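Please read this report with the model open beside you.

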Amino acid sequence: MNQTQSIQLRTDNQTLDLPVILGTEDDRGIDISKLRAQTGYVTLDDGFANTGACKSAITYIDGEKGILRYRGYPIEQLAERGTFIETALLLIYGELPTADHLERFRELLTAKELLHEGLYKLFDGFPPNAHPMAVLSAMINATSCYYPEITQMEDESTFEIAAARLISKVRTMAAASHKKSLGQPLMYPDPGLRYCQNFLHMMFSLPNKPYEPDPDIVNAINRILILHADHEQNCSTSTVRMVASSGANLFASCAAGVCALWGRLHGGANMAVIEMLEHIHKNKIDLKQYIEQVKDKSSGIRLMGFGHRVYKNFDPRARILKDSADKVLTKLNINDPLLDLARRLEEVALEDSYFKDRNLYPNVDFYSGIIMRTIGIPVNMFTVMFAIGRMPGWIANWKEVHDDTTGRISRPRQVYVGPTKRDYVPVEQRAAK
Ligand code: CMC
């Protein structure tokens, strides 16, 4: 990455040379860090749609071409051949792990998979119908109380242990909140099982009935987690980076990421897609009619699982998941009417000029829920699955912020549009409204 040119900006009475920062894939950013000091102007960019918030070496997306790469590796190759844990190490450390490193990290994941008994007790304080994203965020934050060293993470080994703790425990917490909601006994992790299988065991085993998943189900979970593992400066990752920039610890920053992910325009869309498909299916709604409703802005309805801030051609994760949904359902001999409905809805939308003109395509959330439903994961846990997958990306981004000794606290400016100065009015003199 280097600076090769500059762009001239003319303001009221001066011309300013703004440096252009070039990325390794020819991304170009105009460096405006001195703009306010030199001109008095700030930039205004609603939703940060045009703002490069940082320089990052983790994930590359070309939204026009539908390219997604983690540390240079195409998502298609990682999804086809990789495991979630090696992908996690790739994101966090920048290279695919050696066999030794992978083994050491796996041992660490096993060593850190249990929750402190104090944390298990916390589950009792939540109502049975608590949303698992609320529980997850609270539990991740609470975990920092048990490991005070997290606030002083100055050496690599403390960091690696904290990262392993988070990646390992998040799955224990997710499964525990599911068991709690069912009123079933919590299942402890099984040290003999690998990451995805262990998660399925904690989700679905009973003390008197172990769950033995089909290998295709384990592979499907592995793939879903890889595909969700990072996605550059999305809403939750930007949140993690912002919180990290204040010097907040890894667990606090990732707990904030969970909250940001929860919303329906972000990770919560995977729940919303299934709810939408179920609604259309149950009420036998004509698809063209539904699309007309979506196009009518006054309806307040969006086609969930469609559209993306960055992808303007196709989302490569959606393609992989559509294919995966087909294969998993065929292999398990399941005929889910929602898969057929999703396919037809995609077709109807993609033929419509509203979607064509705005470059709206299925995103990662359009097909993921159908696979998770097949596996038996309840709808309100879908966004938790996204969070488990996204954890390595958040950790990698937290590390990038933490390791940058020149980094500054994230603190945007604003253009104030409120009342100008006025004097305090005593309560008895205020006009009734
Ligand atoms: N259904 C109907 N219209 C849409 C949709 C949609 N799903 N998405 C965008 N539009 C329209 C939007 O109304 C606007 O139209 P106009 O130009 O006439 O005002 C235009 O397309 C541009 O949309 P935008 O809201 O300015 O785009 P954005 O980049 O701010 O929002 C988005 C991106 C993903 C929030 C949005 O496409 C959306 O709400 N999609 C549905 C929710 C969803 O599936 N979210 C998951 C995103 S992928 C996973 C993740 O990152 O979490």
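## Around the ligand

Of the 21 residues around the ligand, those that come nearest are His266, Arg302, Leu303, Arg309 and Tyr354, where a residue is near a molecule if one of its heavy atoms lies within 4 Å of it. The shell divides into 10 nonpolar, 6 polar and 5 charged residues; here Ala, Val, Leu, Ile, Met, Phe, Trp, Tyr, Cys and Pro count as nonpolar, Asp, Glu, Lys and Arg as charged, and the others, Gly among them, as polar.

This is a predicted model, in which local features need pLDDT of at least 70 and side-chain atom pairs count only at pLDDT 80 or more, while totals for chains, interfaces and linings use all residues. Residues are numbered from 1 along each chain as its sequence is written, and side-chain values use heavy atoms, with hydrogens and water left out.

## An open sheet

Three strands form an open antiparallel sheet in the order β4-β5-β6, strands being DSSP runs of E with at least two residues, numbered from the N terminus, and two strands pair if DSSP finds at least two bridges between them. Because β4 (59-62) and β6 (73-74) stand at the edges with a single partner strand each, one side of each is left without a neighbour in the sheet.

The antiparallel strands β4 and β5 (residues 67-70) are joined by 4 bridges, and Asp62 stands opposite Ile67 in β5.
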